[in-house]
Amino acid sequence: DLARNVNDIISLGTDIHVQYKTKKHLILLKNQVVFRKLNDDNFSNFGITHIRYNYRLSDRWRWEAFGQGQYNRVNLIDFRGLLGTGPRFKITTSEKYKFYLGSLLMLEYEEVADGITPLQRDIRLSSYFSFSLYPTEDISIVSTTYYQPQVDLWSDYRISSESTFAVTLYKNLKFSLTYFYTYDAVPAVGIPNSQYRLSTGLTYTFD
């Protein structure tokens, strides 16, 4: 996207989600990069790459392992790297209403660009609750919420949530509404604790 009025504004972004699934295994890759430039100032750059492996132990239990790397100029995060593993439990067996619980331990490495916060090397718990609801053939509601406290300092925790509502407009074409929310009890200096983003879009499924 390119716009010129009082300012020159350039915006570029990609959002990739690829997964491969068999009866026992699931491999998932997510990659999102956003670049925005106002005149000569790169004022909103962030990116995240997430890789997850999921192994089926039984009908309800799975074991997961993941790695993640990210940066966020607005939040003054030069780099945050995560490695984690742990179990995932499927609460329900219904295909129309799916609920999951997960609890993983993860290693965190973080470099913050506020000039005050030292290099962080921590161990965090990454617990999450997710659900997928399909009340009709044309409506879906999918949500995942993470709670990530530092294991030796429980007052230092993060909460992040992503929820999407989608409705079929015509055959394979859907309208989607997605809400993102994050809360960091100990953010970089000058960064607010809570942030949110609301986006809408169209999804077309090829099958």
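Arg-88 lies over the face of Tyr-100, 3.9 Å from the ring centre; a charge counts as sitting over a ring if NZ of Lys or CZ of Arg is within 6 Å of the ring centre and within 35 degrees of the ring normal. The model is predicted, so local features need pLDDT of at least 70 and side-chain atom pairs count only at pLDDT 80 or more, while totals for chains, interfaces and linings use all residues. Residues are numbered from 1 along each chain as its sequence is written, and side-chain values use heavy atoms, with hydrogens and water left out.

**Overall layout**

- The chain has zero helices and 12 strands; helices (H or I, at least four residues) and strands (E, at least two) are DSSP runs, numbered from the N terminus.
- Read along the sequence, the pattern is β-β-β-β-β-β-β-β-β-β-β-β.
- Along the principal axes, the C-alpha atoms fill a box of roughly 50 × 50 × 25 Å.
- Of the 207 residues of the chain, 31% count as buried; buried means under 20% relative accessible area, exposed means over 50%, and partly exposed lies in between (1.4 Å probe, protein chains only).
- Among contacts (heavy atoms within 4.5 Å) between residues at least 6 apart in sequence, 41% join residues at least 24 apart.

**Charges over rings**

- Besides the placement of Arg-88 over Tyr-100, the charged end of Arg-197 sits over the ring of Phe-180, 4.1 Å from its centre.

**Salt bridges**

- Side chains of opposite charge can pair when their charged atoms come close.
- The structure holds 11 salt bridges, each defined as a side-chain nitrogen of Lys or Arg within 4 Å of a carboxyl oxygen of Asp or Glu.
- Glu-64 and Arg-52 meet through their side chains in a salt bridge (3.0 Å, N to O).
- Glu-64 lies in strand 5 and Arg-52 in strand 4 (residues 41-56), so this pair ties together parts that are 12 residues apart in sequence.
- Glu-64 is buried, with a relative accessible area of 2%, and Arg-52 counts as buried at 12%.
- The side chains of Arg-88 and Glu-64 also meet in a salt bridge (3.7 Å, N to O).
- That pair links distant parts of the chain, with Arg-88 in strand 6 and Glu-64 in strand 5, 24 residues apart.
- Both Arg-88 and Glu-64 are buried.
- A network of salt bridges that share partners joins Arg-80, Glu-108, Glu-110, Arg-124, Asp-156, Arg-158 and Asp-184.
- Arg-56 and Asp-59 form a salt bridge between their side chains (2.5 Å, N to O), and Asp-59 is exposed, with a relative accessible area of 60%.

**Arg-62, a buried charge**

- Arg-62 lies in strand 5 (residues 61-72).
- Arg-62 is buried yet has no salt bridge, and the nearest side chain of opposite charge, Glu-64, is 7.4 Å away; Lys and Arg count as positive and Asp and Glu as negative, while His and the chain ends are not counted.
- The side chains of Arg-62 and Asn-54 are joined by a polar contact of 3.4 Å; this term means a pair of N or O atoms within 3.5 Å where, within protein, one must be able to donate a hydrogen and the other to accept it, and residues adjacent in sequence count only if both atoms are side-chain atoms.
- Leaving aside neighbours within four places in sequence, the residues in contact with Arg-62 include Lys-24, Asn-54, Arg-56, Gly-86 and Arg-88.

**Aromatic pairs**

- A search of the whole structure finds nine aromatic pairs; rings of Phe, Tyr and Trp (its six-membered ring) pair if their centres lie within 6.5 Å, and planes under 30 degrees apart count as stacked, over 60 as edge-to-face and the rest as tilted.
- Phe-79 and Tyr-109 form a tilted pair, 6.2 Å centre to centre with 55° between the planes.
- This pair links distant parts of the chain, Phe-79 in strand 6 (residues 77-90) and Tyr-109 in strand 7 (residues 97-112), 30 residues apart.
- Phe-79 counts as partly exposed at 35% relative accessibility, and Tyr-109 is partly exposed at 28%.
- Tyr-128 and Tyr-146 form a tilted pair, 5.4 Å centre to centre with 45° between the planes.
- Tyr-128 lies in strand 8 (residues 120-136) and Tyr-146 in strand 9 (residues 139-150), so the pair ties together parts that are 18 residues apart in sequence.
- Tyr-128 is buried, with a relative accessible area of 5%, whereas Tyr-146 is partly exposed at 23%.
- Ring pairs also link Phe-99, Phe-129 and Phe-131 into a cluster.
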